[in-house]
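Thank you all for making the time this morning.

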Amino acid sequence: MGSRLIRIGGSDSLFWVSRFVHPAGDRHAEILPEDRPPQAPADLNTLDPTIWPRTSSRVGGSVTIGGVDVRDLAEQYGTPLYVVDEEDFRSRCRDYRSAFAGGEVHYAAKAFLCREAARWIMDEGLGLDVCSGGELAVALSVGFPPERITMHGNNKSLAELERAVQVGVGHVVVDSFEEIARLGFLADKHGVRPKVMIRVTVGVEAHTHEFIATAHDDQKFGFSLSSGAAAEAARRILALPQLELVGLHSHIGSQITDTAGFEVAAGRLAKLMVQIQQEHGVSLPELDLGGGYGVAYVEGDEAPDVKEIADSLREIVTRVAQGAGLPVPRLTVEPGRSIAAIAGVTLYEVGTIKDVEGLRTYVSVDGGMSDNVRTALYGAEYTARLASRSSDAEPMLSRLVGKHCESGDMVVRDLWLPQDLAPGDLIAVAGTGAYCRSLASNYNYLPKPAVVAVSGGASRVIVQRETEDDLLRGQL
């Protein structure tokens, strides 16, 4: 697969470009980034420690994670395969617990949850945010203390709320007036007094993708601050003696790399706290600023330091509360992606390699949008490497694509892979520990991959690979 020149141009222009390194032209307008492809890395074998799991390295050319060779993982468990570095995951839990000492850290289950992950979170002393009856069931199945669970969701069913009340979850974050009434009814029915927080839409513009920005008024979550709905929610809760209003909650979005938006949110929530105190004589003791802290997916991405996040948020909340004449509330945060994402890697086997002359090389793998829909859904970017061996070959501009019947079935839109890439090679995609397994589907009737945990040179399945029998189960 040596480099060769390709003739480009019509009657008015003529030039030659390399098959693997070339400028963008008219044919690239809707395919490449706005200006040019990403620059090829100096070394296609390196594993940036900000992007890859903390225990990852190359040994004899092959990538190892948790002391386990990816070739052995693929041989034993097959591909596609989600691989989770247990020590990386646990160590990030500990980082948050230490940084936010004196406050609360609740892992956002939606990022990635299974029974074993719930055990890790429980062991490391974190709380858990769940947003469905299913996530609650996973937590309860491993004995997760219900008082350390917060129940989220914009449309919790009566059954979900009833179970949360019955098991005694620590907090319910209310999201609608209907939910306040339902919760009051259930609390009275079961003779309990659940702790309640109000999800407030604070009108902060998070610099992130539209689908994961959650604090502007025109969206489904929470009570609008500007319209007065949040203040009215407080009135309705405080009018129900069977509910205990303990605080306010805000989540401004995901993949956020600075704390400026949190400062604005905290300031606006403080004003609401003052209003509640003045109107009802109630000082709310808790403030939950949500999560959404960003991680590095590709070289050059910024990933905020956990301690810096904690120090900044703590200073913001203290300053805003004291400035408003309020007692400093206990701070809660809800990291998910920033614990799970970098701990996870997805392994694929290369199936076909198709060169589109003058454009790029399409590398097809045995998974795709059924195991990682984020590229198609959000335009997410990832870093990928040839993992089963090292290579000194020249880089070729590539697109890593799946096997689904969709032209948008892309795993990595633009990347550089070695020219000697061949069918049967293993590709590892970094940063897939969050929202990939959670959003996985059976599109085109592909079974969902297994999830394997690696640690200390050993591996074990924590979520079994689906089979054709699983796909057919329930069909008549």
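Let me begin with a question: is tyrosine 77 buried or exposed? Before I answer, please keep in mind that what you see is a predicted model, and that everything I say today is computed from it. Tyrosine 77 is buried, because its relative accessible area is 15% and the cut-off for that word is under 20%.

Threonine 79 and proline 80 are joined by a cis peptide bond, with an omega of about -5 degrees, and proline 80 itself belongs to the loop that runs between α1 (70–77) and β6 (81–85).

Glutamine 255 has a phi of about 60 degrees although it is not a glycine, and you will find glutamine 255 in the loop between β13 and α8 (260–280). Asparagine 444, which is not a glycine either, also has a positive phi of about 60 degrees; its place is in the loop that connects β21 (426–430) with β22 (450–455), where asparagine 444 is partly exposed at a relative accessible area of 33%.

Let me turn now to charged side chains. How many salt bridges does a search of the whole structure find? The search finds 28, and I have picked out three of them to look at in some detail.

In one of these, arginine 54 pairs with aspartate 95, and the closest N and O atoms are 3.0 Å apart. This pair links distant parts of the chain, since arginine 54 is in the loop between β2 (15–18) and β3 (57–59) while aspartate 95 is in helix α2 (residues 86–99), with 41 residues separating them. Arginine 54 counts as partly exposed at 43% relative accessibility, and aspartate 95, at 30%, counts as partly exposed as well.

Another salt bridge is formed by glutamate 244 and arginine 193, with 4.0 Å between the closest N and O atoms. Glutamate 244 lies in strand β13 (residues 244–249) and arginine 193 lies in the loop between α6 (177–190) and β11 (195–201), so this pair ties together parts that are 51 residues apart in sequence. Glutamate 244 has a relative accessible area of 27%, which makes it partly exposed, and arginine 193 is partly exposed at 48%.

For the remaining example, look at glutamate 315 and arginine 319, whose closest N and O atoms are 2.7 Å apart in a salt bridge. Why are these two separated by about one helical turn? The reason is that they are 4 residues apart in helix α9 (residues 306–323). Glutamate 315 counts as partly exposed at 39% relative accessibility, and arginine 319 counts as partly exposed at 37%.

Some salt bridges share partners, and in this way Glu86, Glu87, Arg90, Arg94, Glu116, Arg119, Asp123, Glu124 and Arg460 are joined into one network. Within that group, I would draw your attention to glutamate 124, which is found in the loop between α3 (115–123) and β8 (127–130). Glutamate 124 is buried, with a relative accessible area of 7%, and its side chain makes a polar contact of 3.3 Å with the side chain of arginine 94.

On the surface, by contrast, there is a patch of negative charge in which Asp258, Asp301, Glu302 and Glu381 gather. One of its members, glutamate 381, has its place in the loop between α11 (374–378) and β18 (384–386); glutamate 381 is exposed, because its relative accessible area is 54% and the cut-off for exposed is over 50%.

I will finish with aspartate 469, which lies in helix α12 (residues 468–472) and counts as exposed at 56% relative accessibility. Aspartate 469 and proline 447 are 22 residues apart in sequence, and from C-alpha to C-alpha they are 9.6 Å apart in space.

Terms used: Residues numbered from 1 in each chain as written. Predicted model: local features only at pLDDT ≥ 70, side-chain atom pairs only at ≥ 80, totals over all residues. Heavy atoms only, no water. Patch = residues over 30% accessible without salt bridge, like charges linked within 9 Å, V, L, I, M, F, W, Y side chains within 5 Å. Areas by Shrake-Rupley, 256 points an atom, 1.4 Å probe, with all protein chains shown as cover. Lys, Arg positive; Asp, Glu negative; His and termini not counted. Charge placed at Lys NZ, Arg CZ, Asp CG, Glu CD. Buried < 20%, exposed > 50% of the residue type's maximum accessible area, 1.4 Å probe, protein only. Polar contact = N/O pair within 3.5 Å; in protein donor to acceptor, adjacent residues only side chain to side chain.
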